[in-house]
Amino acid sequence: MSSKSTRKLQSIISEPLKRLLMLNTLIRNIILRFDKRRSPASTQHLEVVSPTMPKDQLGKAVSFASPRNQRNNLQAARSQKPVSRAQSTSLVVDRYWLTKPLPFYSYRDVTYAVEGPDKITRTPQRVYIVTEEEANEWVPKLRGVIGFDMEWPYNAVTDVSGKTSMIQVSDEHTILLIHISRMETFPTKLKELIESPNIVKTGFWIANDCGKLIADLAISPKMCIELHGIAKKVDQAKLEKFGLFDNGTMNFAKMIRLYLEKELAKPNEVRISDWSEDLTEEHLEYAANDAHAGLVLYKALIELGKERQINVDLVDLAGKATNDADVREAHWRRAMAKAFPTALKELIESPEITKIGFWIANDCGKLMHDFDVTPQGCVELVDVARQVDLASLQQQGLCYSRERHGLRLSSMARMYLKRELAKDDDVRKSDWSRALSEEQLEYAANDAHCGLTLLKELLSIAESKGIEIDFVSLAAEASKEAVQRKAVYEREAAGPSSRPRIVQIEGLPSRLKEGEPPEEAHRFTGTRGF
């Protein structure tokens, strides 16, 4: 073929290509202008016009958001505050770390070296625990710094959070997923680990978890280190550059992206699901990754500090986390109060409705501490008995003063109702936060009904003796004692404290002291008459 024919053929082919490129450029400009009208922030994000930006980064900055699994990241980047056109290029460069495609984080991809000449490496072991015995066996095996995280149920419709359901603790070798909502009592070894000032626990927004532990379980965490706090110490310039230095600007997934260059999966269908129920494999992997990623990130930040010769004062960071935990505890208590049923709150706080119970001031104090409810019109059964039948109580050696010396609700039921009130320790000390058994329901119903029946019996005695009971003054006395009991619960939440023991009076009849019912007593049940 002649050179003239070749040039003619090239001209025929290249002309449509040029037109196609021009059309492509025109369409792109129209899209950019439309984006600019709709959202200035998104236009500034996509405008890449600086000739100083490297070609490879320029191409990535325009095309990185195209994969479907990066759509949410692009939307997050577009939702940032608008900046001027002069800053748009640097914005794309600076935000590239936030939206670029990355492999997902998994503890299964991390290995550690096993001691020995063979230089064997292994991945961490994941252990799911549902009993206190298993937890007490595994927790002491953890070594070194502990990655820490927690999960609890959350209802997005009502905006109500449930109690702590799972606690994850991880060292380099083992990840323990401790499902405490499935346990009767909190594992003692786990409590010791959390409250130990000699064991470092680290996590993201760990003060929030600590505050919830205090509010939910009266546990006082110590030596807890905030990951964001370490990053502020060792990498302040980068955090300020990306606008992530201040509290509230960072989240855990961003930290994993920034320092480990991995994507930490946070699917909502897992994150805000009911963690108190049976868990799926997705739940277990999510929980394990959160705790282990915190530990890996801690080590990366500490190593960065060493490279830059920056000393990280862990004691100072732990002190700040403790102070922040107190603030978060108050938040969780307000959240608990918000979840309290309105009609029940109105009944408890009504001074016109008398509520009767044994050691009712203790119950009122706990309500005030746990739910910010202010009970009124609450009357102590012992006080009523003292007003109408003090002589009989003294004769039985049960009450020489306003204190409940030797008195129990069960002993009052024996004395006045000739009934035995069942107080099974296995039921009384069981976990009342979970789905309740028939035995628990019967136990609770009998306690409440027995108190009401006792009041009716005492009122009958008062009427026969011509005694008028001053319920207003009795309610005032109970309110004062409730404030004292609230202070006790506050001290217990602040640190280890034992509940005051009831003093036993010398001369108490042996059959009552030993818990034996009188010969004529029958078992109390709220479904039977008297």
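Predicted model: local features only at pLDDT ≥ 70, side-chain atom pairs only at ≥ 80, totals over all residues.
A disulfide requires two cysteine sulfur atoms within 2.5 Å. Cys 210 is buried, with a relative accessibility of 4%.

Cys 364 likewise takes part in no disulfide, and the nearest cysteine sulfur, belonging to Cys 378, lies 3.5 Å away. Cys 364 counts as buried because its relative accessibility is 5%, and the cut-off for buried is under 20%. A search of the whole structure returns 0 disulfides.

## Packing of helices α11 and α13

Two packed helices are described by the angle between their axes and by the distance between those axes. Helix α11 spans residues 252–260 and helix α13 spans residues 281–307; they pack at an angle of about 45 degrees, and their axes are 10 Å apart. This angle makes α11 oblique to α13. The crossing of the two helices is left-handed.

On the α11 side, the contact involves Phe 252, Met 255, Ile 256, Tyr 259 and Leu 260. These residues meet Asp 290, Ala 293, Gly 294, Val 296, Leu 297, Ala 300, Leu 301 and Leu 304 of α13. Sorted by class, the contact of α11 with α13 comprises 11 nonpolar, 1 polar and 1 charged residues. Gly counts as polar and Asp as charged in this classification, and Gly 294 and Asp 290 are both among the α13 residues in the contact.

## Packing of helices α14 and α16

Helix α14 (residues 314–339) packs with helix α16 (residues 360–371) at an angle of about 110 degrees, with 7 Å between their axes. The two helices are therefore roughly perpendicular to each other, since angles of 65 to 115 degrees fall in that category.

Helix α14 contributes Arg 333, Met 336 and Ala 337 to the contact, and helix α16 contributes His 369, Asp 370 and Phe 371. By class, the contact of α14 with α16 has 3 nonpolar, 1 polar and 2 charged residues.

## Leu 441 in helix α20

Leu 441 is located in helix α20, which covers residues 438–465. With a relative accessibility of 43%, Leu 441 counts as partly exposed. Leu 441 and Val 427 are separated by 14 residues in sequence, and the C-alpha to C-alpha distance between them is 9.7 Å.

Definitions and conventions. Residues numbered from 1 in each chain as written. Heavy atoms only, no water. Buried < 20%, exposed > 50% of the residue type's maximum accessible area, 1.4 Å probe, protein only. Axes fitted to C-alpha atoms, helices over the stretch in contact; angles between N-to-C directions. Helix = DSSP H or I, 4+ residues; strand = E, 2+ residues; numbered from the N terminus. Parallel < 35°, antiparallel > 145°, perpendicular 65-115°, else oblique. Left-handed = near helix turned anticlockwise from the far one by under 90°. Contact = heavy atoms within 4.5 Å.
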